[in-house]
Amino acid sequence: MPQTVPMVNLQAQYHRFKSDIDAAVIQVMESAAFIQGSQVKNFENALSQLLNVKHVISCANGTDALQLAFMALDLPEGSEIITPSFSYAALAEVIYLLKLKPVFIDINENSFLIDVSQIEQAITSNTKAIAPVHLFGQVANMEAIVEIAKKHNLYVVEDNAQAIGAEYCSSGISGFGGTLGHIGTTSFFPSKNLGCFGDGGAVFTNDDDLALKVRMIANHGQGEKYKHQVIGINSRLDAIQAAILSVKLPHLKSFAKSRQEVADRYTQSFESLDLFQVPQKEITSTHVFNQYTITLKTNEERDALKEKLGECGIPSMIYYPIPLHKQVAYSQNVSLPISENICNRVLSLPICPELSIENQEYIINTILKFYQNK
Ligand SMILES: Cc1ncc(COP(=O)(O)O)c(C=O)c1O
């Protein structure tokens, strides 16, 4: 009888903090202050302190956060945004929705992060921003990105949905992912490292003007009530979600530590066997392992391992099966060989702070057996 292993164990995490979460949610219900109010403000302030960033503007989800960031930059129609193709769709979607143009470039195959050596050759007179994605839990080469952006007078927009709490440190700059460019974003989707009980997101910036614009746009373009200064949207983090996030926020560091311990256990079990490539850690960034993604030698082997894991009650995910430039909606006729190849070979294994040692060992042994029987 196969064991059933969770990809992420959200129920166990709820039960760890149940009494505090229940009390916080009840307090919001008793106050009936469901929209904005002190719960939201307190959470924004606590997150801004933790990440050492001047402004945190919470919103309805991570995709909205990206939309708010780009709306605040107010770029001319057709402006080009350089961004990696091997990524989640939200950024490309927002860029197109705002009538801007993504210029997809390739990634570094060891880190899965934007290949900074390709940025300068992608810059044209229409380029207005570079938008790295801190994929799977570590921060892209921000020193190089910021330097190129300065040289060419470009904005830097960081999609930090998967790397909240990851710290970047190079000889030139240091700080938390999402706070190193002009504007950064995150998602509080339940399975993210800091997840709420529904949808949520936030924008980060040290720029007072951008912060003011983002706040206004997120609130129907109002500076003052019923005075609409710009075209906005309605994107708010619910007070209930803010209350839940406030309970979890003090544990963000320990969540990352637990994820790192799971990752270390996987890596130590597989690394020397040369079965597949384990995640490679960047020297300049901590890794908060929103995903633990291995790279198999072939597509067939990846699919066979995924099937075997499934038969044994172990979920695994393919993040991401199709690079963005090959998606019907965002199709571009460019050749990005690493993205095109790696999407056939990646597999993300279960990882979360609450993954039991027993589950970890079961996953490791199942993978080792798969290779013994091949
Ligand atoms: C890299 C990245 N960007 C943006 C998003 C969008 O976040 P949300 O689902 O909260 O809209 C996600 C969510 O999975 C993501 O992984």
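Residues are numbered from 1 along each chain as its sequence is written. Because the model is predicted, local features need pLDDT of at least 70 and side-chain atom pairs count only at pLDDT 80 or more, while totals for chains, interfaces and linings use all residues.

**Exercise 1. Determine how many helices and strands the protein has, and how its radius of gyration stands against the globule rule.**

Step 1. The secondary structure comprises 13 helices and 13 strands; helices (H or I, at least four residues) and strands (E, at least two) are DSSP runs, numbered from the N terminus.

Step 2. The radius of gyration is 21 Å, close to the 21 Å given by the globule rule for 374 residues, so the protein is as compact as a globular protein of that length. The radius is taken over C-alpha atoms, and the rule is 2.2 Å times the number of residues to the power 0.38.

Step 3. The C-alpha trace spans about 70 × 55 × 40 Å along its principal axes.

**Exercise 2. Describe the two domains and the side of domain 1 that touches domain 2.**

Step 1. Domain 1 covers 10–250 and domain 2 covers 252–372, with bounds from an automatic or database domain assignment. Their centres, taken over C-alpha atoms, are separated by 24 Å.

Step 2. In domain 1, 36 residues are in contact with 30 residues of domain 2; contact requires that the C-beta atoms of two residues, placed from the backbone, lie within 7 Å.

Step 3. On the domain 1 side, α1 (10–16), α5 (90–97), β3 (101–105) and β6 (167–169) each supply at least two residues.

Step 4. By class, this side has 20 nonpolar, 12 polar and 4 charged residues. Ala, Val, Leu, Ile, Met, Phe, Trp, Tyr, Cys and Pro count as nonpolar, Asp, Glu, Lys and Arg as charged, and the others, Gly among them, as polar.

**Exercise 3. Classify D274, F289 and L50 as buried, partly exposed or exposed.**

Step 1. A residue is buried if 20 or more other C-beta atoms, placed from the backbone, lie within 10 Å of its own, exposed if 12 or fewer, and partly exposed in between.

Step 2. D274 has 8 other C-beta atoms within 10 Å and is therefore exposed. D274 lies in the loop between α10 (252–270) and β12 (292–295), and its phi is positive, about 55°, although D274 is not a glycine.

Step 3. F289 has 29 C-beta neighbours inside 10 Å, so F289 counts as buried. F289 is found in the loop between α10 and β12, with a positive phi near 45°.

Step 4. L50 has 17 other C-beta atoms within 10 Å and is therefore partly exposed. L50 belongs to helix α3 (residues 38–51) and, leaving aside its neighbours within four places in sequence, is in contact with L249 and L252.
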